Amino acid sequence: MAADVPPAGARIAVVTGASSGIGAATARQLAAAGYRVVLTARREERIEALAKEINEAGHQAKAYPLDVTDRAAVEEFAGAFRTVGVLVNNAGGALGAETVAAGDPDDWRRMYETNVIGTLNVTQALLPALTASGDGTVVVLSSTAGHGTYEGGGGYVAAKHAEHVLAETLRLEIVGTPVRVIEVAPGMVRTEEFALTRFRGDTEKAEKVYAGVAEPLTADDVADTITWAVTRPSHVNIDLLVVRPRAQASNTKVHRES
């Protein structure tokens, strides 16, 4: 079924973590689908450049620097909107790959703050505007880490499990309102920053994540999945969509070519 043009009251799409990777790709694709995208991230120069790119392509975008863990800043941001059609909670990430015994509590705290509290902050702040649109959609970009554990991933896995539960609980609590809750859980995605950030700039360790994997997912692959889910008819809710590359059967089972 072809995607419908979003109604006027629902054409604003807010994307968090839009400065790179999946967030930036999602902003581009939602803009091309007819949404007026609002790009949020801490790195102002990056989202300004992306907004310029999208506008020059004939679409509509606006950049708004925002730290999703700053509750007061999020509430101030949300106050600018009477209606919002789509919220894509993409901001997050992983830090470290230590065991539970060796993990740094500060890393765990930062991952929980960005992945879970950040999603909670923005969702709570924009939920009235999403409801007022008459056709709102909340997207929570979790991870296959939110559905299966693996060694060396304790803090990130815990945060993503919490983010999954947040989405699942919200869907139960707001049923009957004109707001859908969609969770997209990607597996192995090769972006320019995810693994590099996780391994604190260690290029060799970051490259090993994808070594021998012919075709990991790309940011565009995930953005395409998000955009497809968002543009389904209003009565269709994609509760949970797990997307992996063909070479990945699970979080711990990956085919690597020699």
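Buried means under 20% relative accessible area, exposed means over 50%, and partly exposed lies in between (1.4 Å probe, protein chains only). The model described here is predicted: local features need pLDDT of at least 70, side-chain atom pairs count only at pLDDT 80 or more, and totals for chains, interfaces and linings use all residues. Residues are numbered from 1 along each chain as its sequence is written, and side-chain values use heavy atoms, with hydrogens and water left out.

**The sheet and its helices**

Helices (H or I, at least four residues) and strands (E, at least two) are DSSP runs, numbered from the N terminus. Two strands pair if DSSP finds at least two bridges between them. Seven strands, in the order β3-β2-β1-β4-β5-β6-β7, make up an open sheet with parallel pairing. Because β3 (60-65) and β7 (240-243) stand at the edges with a single partner strand each, one side of each has no neighbour in the sheet.

Within this sheet, β5 (residues 136-141) and β6 (residues 179-186) pair in the parallel sense over six bridges. V139 has I182 in β6 as its bridge partner. Helix α4 (residues 105-132) packs on the sheet and touches β1 (12-15), β4 (86-89), β5 and β6, where contact means heavy atoms within 4.5 Å. The direction of α4 makes about 170° with that of β4; axes are lines fitted to C-alpha atoms, for helices over the stretch in contact, and angles run from 0 to 180 degrees between N-to-C directions. Helix α5 (residues 154-173) also packs on the sheet, and its direction makes about 155° with that of β6.

**Salt bridges**

A salt bridge is a side-chain nitrogen of Lys or Arg within 4 Å of a carboxyl oxygen of Asp or Glu. By this rule the count comes to ten. Three of these pairs are listed below.

| Pair | Closest N and O atoms |
|---|---|
| E193 and R46 | 3.4 Å |
| R71 and E75 | 3.0 Å |

R43, R46 and E193 are linked in a network of salt bridges. R71 and E75, by contrast, both lie in helix α3 (residues 71-78), four residues apart. R109 and D106 are three residues apart in helix α4, about one helical turn. R109 is partly exposed at 49% relative accessible area, and D106 is partly exposed at 46%.

**A buried residue**

A195 belongs to helix α6 (residues 194-198) and, at 4% relative accessibility, counts as buried. Not counting residues up to four places away in sequence, A195 touches A206, V209 and Y210.
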